[in-house]
Amino acid sequence: MSAPSPTILKLPDQSTATLPKKNFINAEHGLLSWLLTGDHKRIAILYLISITFFFFIGGAFAGLIRLELLTPQGDLVSSDTYNKLFTMHGIIMVFLFLVPSVPATLGNFLIPMMIGARDLAFPKINLLSWYLYIAAGTLMLTAMALGGVDTGWTFTTPLSTHYLNTHVLTTAVAVFIAGFSSIFTGLNFIVTIHRMRCPGMTWFRMPLFVWAHYAASILMVLGTPVLAITLVLVALERVFGIGVFDPSKGGDPLLFQHLFWFYSHPAVYIMILPGMAVISEVVSTFSRKRVFGYTAVAFSSVAIALFGFFVWEHHMFIMGVSNYSALVFSLLTMLVAVPSAIKIFNWCFTLQQGSITFETPMLYAFGFMGLFTIGGLTGVFLGSLGMDIQLTETYFIVAHFHFVMVGGMLMAFLSGIHFWWPKMTGRMYPESLSKLAAVVTFIGFNLTFMPQFILGYLGMPRRYHAYPQEFQVLNVLSTAGATVLGVGYLLPVLYLAWSLKYGAIAGDNPWQATGLEWQTQSPPLTENFTEIPIMDHEAYDYEWLEHKTQHEVTHVG
Amino acid sequence: MTQPEQHFHDPSNITNPEHASHHIVTPAQYALVFASLLAGTALTVVAANIDLGVFNPIIALGIASTKMVIVILFFMHVKYQSHLIKATVAAGFFMFLVLITMTLSDYISRAWGLW
Amino acid sequence: MDSAIANTQVDHDTAEHEHVVLPQHRHHFATEEQQREAGSFGMWLFLLTEIMFFGGLFFAYLLYRNWYYDAFVAASNQLSVPLGAANTAILISSGFFMALAVWASEVRKKAMLVVFLILTILFGVAFLGIKAVEYHEKYEKHHIPGASFDASQFINPSAYGLNEKPLPPDMAQKTQMFFFLYFAMTGMHALHMVIGLGLLFWLLARAQKGDFTSGYVAPIENFGLYWHFVDIVWLFLFPLLYLINRHPLAH
């Protein structure tokens, strides 16, 4: 199948590159030109700044959690404060970072460019989505400043409705609004991908980035409203004492769990699919090969989205659901492993006999593939009924979803940010420093979360601020790892900010990648293309790119 | 730049399933739909007053579903829309059914007890 | 905010824009047809989210009706079928005039469009009026769930002159669940009506200026989709809440 790649790697000489005089960044000036913009690229930048801000707030909570767990005694914070710390960490990271991370930044920036459109279908709704995000973030910060919330990010009833006197309502409203922000992003993507493709851009010529975002958008549109109604019912129960989830009034708390996880399981695919989107692009570009099994990878995204709606009960195995139903959901859960494995295998076959180079995005992508595989496989453990009873609500599950979300999604996010940084800003990041950051992140990550698998297997429960003496060694390792990880995340912020002014000028296509977004200037013009392109080749066609480049050279000569 | 949409006659919506030529429903058609919806309302009230045992809810929901289909097809113009819109509507009801049936799989079998 | 796009100095082939006649045409769409179809597709996707939003409530109703069948029967029989049926007819009429408004906009008849929009509003307000009457009756009978809820009518129906089967006290308390779902579902539906009426006034004001009778139908058309969706929700609420419990099954 995989014949030796015909493409000879020849990256362009960047010393001759110049910054274009006109681009989307300097098209207009002033704060208002950003706050009232309809340009998808500017909105992407607004999103990038906002989610980075919330990432570090959520990260600060994580740091405090790890600091508390350094010693077996609860000596840094009280147990109530600890409950608030992990709750705020979870809510901020899930709803304000992971869900919008890649779609709202990279997806927003790139999808119109990749399909040859001037903008998303609804620029105003796109901007509205950012304002909703900011409103949600502000409310969340308000709740935090007023004393926080300690329900856990899952808003579990009847704890959230009857027993807590913290800012559950404010937080629920914030999550409700953040949900609308996510719905509008997803809706915009779906309409754009269906309606705005340039001539010749058939479905099977689209980059896999777009396919995965399409699948994630379907999940956003169909899943999020169920979370919305669930939160409305929780709020009504808290305020008016009505009893849909209250057993003393005949309600069923498990109904809350069903409705909540009907969204929140697909939500993990909302978080991971855009990460997979990034990896497909990066792996292909730095192997200089078409993604192996393009069609299979494209459909595996859709399959993940579809299967994602049939497995939610695996979060509820120990909650007293029916055994028979649990069996069905357990088997369906195994099914999701198939499309995920298709992706991993196809990326590996893409690497095979490719002209691989190890630029920073590729390092992060390798990190993703390894860590996501571990995270995914431990997910199969947890999907098995017997194992789940032993492992759920322990640090095993904490390690599992951090491997997928942090090891997977965050690696993919950083990979994508580095990969498209030259396109977004027109400047290169410092290569050696960023490689260091990638390695530091990888080491720090493993040091943080590997011990947690063991802790969980040994039976340390999650969500407690104190633990028996014998778990201390592994917890110290984990806290040390978190410190390294923190450095790994701070480094990119510093050098990426530095590169805005001092980075080498990137040129149009520094990686010699094939996507339409790379065939225009960096940073792009306000409406992306001077002339709507015509897609006359397949996606990831490196021969086409080479011929195009040769063609250009003869013109100049 | 020529634009990509193809404007030749494509009644079965095969060559470009995302596009349908625009169709205006006439007031006479709307009046017919309106009359059938009112008739359906009268019918469901009458049916509710007759004791039909287990069929009472089935008939009531059947009539409601029929009315819904009429509204979707004509008031909301889905009959004249592209395959894309039709598939979108179908996807909504499919997911609604998934929510209901998969959740019910727990509630129905919970009382069956242990293995 | 689209001025950001309009103000850019990018030179486009002017021939490309020969077909552009509407001021409402957004620059990033190649054609008006593309814009119109994108708008209606976006509206449909929004309606999908609405289906799932109401879906959670419908499932809760399904579940608790099966769990507390006797309570749901007794509580449901407290609702007035004539009022519910009248409201159904009123809402269908409102939807009918909305459909005619779309037609008037398409054939560019401004006076008719305005009349149809006003009729849509009138019937919508009438629906909410009747709903308010029904809510008030629940208030008087202490059937609003919460501290003031009174289940004695269901425990001892003959004292209230009702020909119903008396319920044991714990089952009678479960009528609260019916009334809670009744208020949540009809309340959420009424909230959608109120939002819709607000939008209708805005559309009416713009229609009077002739905005929608020069070929720009999209806002009327897309609002019509929303309004008909709200109708459809009621088409199911009416039988579920008012009708299907009239002839309880003997256990």
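What is the handedness of the crossing of H8(A) and H10(A)? The crossing is right-handed. The model is a predicted one.

**Helix H8 with helix H10, chain A**

Helix H10 of chain A covers residues 294–307. The axes of H8(A) and H10(A) come within 8 Å. They cross at roughly 10 degrees. An angle under 35 degrees counts as roughly parallel, so H8(A) is roughly parallel to H10(A).

On the H8(A) side, the contact is formed by A:Leu208, A:Trp211, A:Ala212, A:Ala215, A:Ile218 and A:Leu219. They meet A:Tyr294, A:Val297, A:Ala298, A:Ser301, A:Val302, A:Ile304 and A:Ala305 of H10(A). By class, 12 residues of this contact are nonpolar, one is polar and none is charged.

**Helix H4 with helix H8, chain A**

H8(A) also packs against H4(A), with axes that come within 10 Å. Helix H4 of chain A spans residues 101–114, and helix H8 spans residues 208–240. Their axes cross at roughly 125 degrees. H4(A) and H8(A) are therefore oblique to each other. This crossing is left-handed.

H4(A) brings A:Pro103, A:Gly107, A:Leu110, A:Ile111 and A:Met114 to the contact. H8(A) brings A:Phe209, A:Val210, A:His213 and A:Ala216. Seven of the contact residues are nonpolar, two are polar and none is charged.

| Helix pair | Axes come within | Crossing angle |
|---|---|---|
| H4(A) and H8(A) | 10 Å | roughly 125 degrees |
| H8(A) and H10(A) | 8 Å | roughly 10 degrees |

**Domains of chain B**

The domain assignment of chain B gives two entries: domain 1 (25–75) and domain 2 (82–106). Taken over C-alpha atoms, the centres of these domains of chain B are separated by 22 Å.

**Chain C against chain B**

Which chain does chain C touch with 39 residues? The partner is chain B, which has 41 residues in contact with chain C. On the side of chain C that touches chain B, three helices each supply at least two residues: H2 (32–67), H4 (81–106) and H9 (218–243). H2(C) gives the largest share of that side, 12 residues. By class, the side of chain C that touches chain B has 26 nonpolar, six polar and seven charged residues.

Terms used:
Residues numbered from 1 in each chain as written. Chains lettered and ligands numbered in written order. Predicted model: local features only at pLDDT ≥ 70, side-chain atom pairs only at ≥ 80, totals over all residues. Axes fitted to C-alpha atoms, helices over the stretch in contact; angles between N-to-C directions. Helix = DSSP H or I, 4+ residues; strand = E, 2+ residues; numbered from the N terminus. Parallel < 35°, antiparallel > 145°, perpendicular 65-115°, else oblique. Left-handed = near helix turned anticlockwise from the far one by under 90°. Contact = placed C-beta atoms within 7 Å. Nonpolar A, V, L, I, M, F, W, Y, C, P; charged D, E, K, R; others polar. Domains from an automatic or database assignment.
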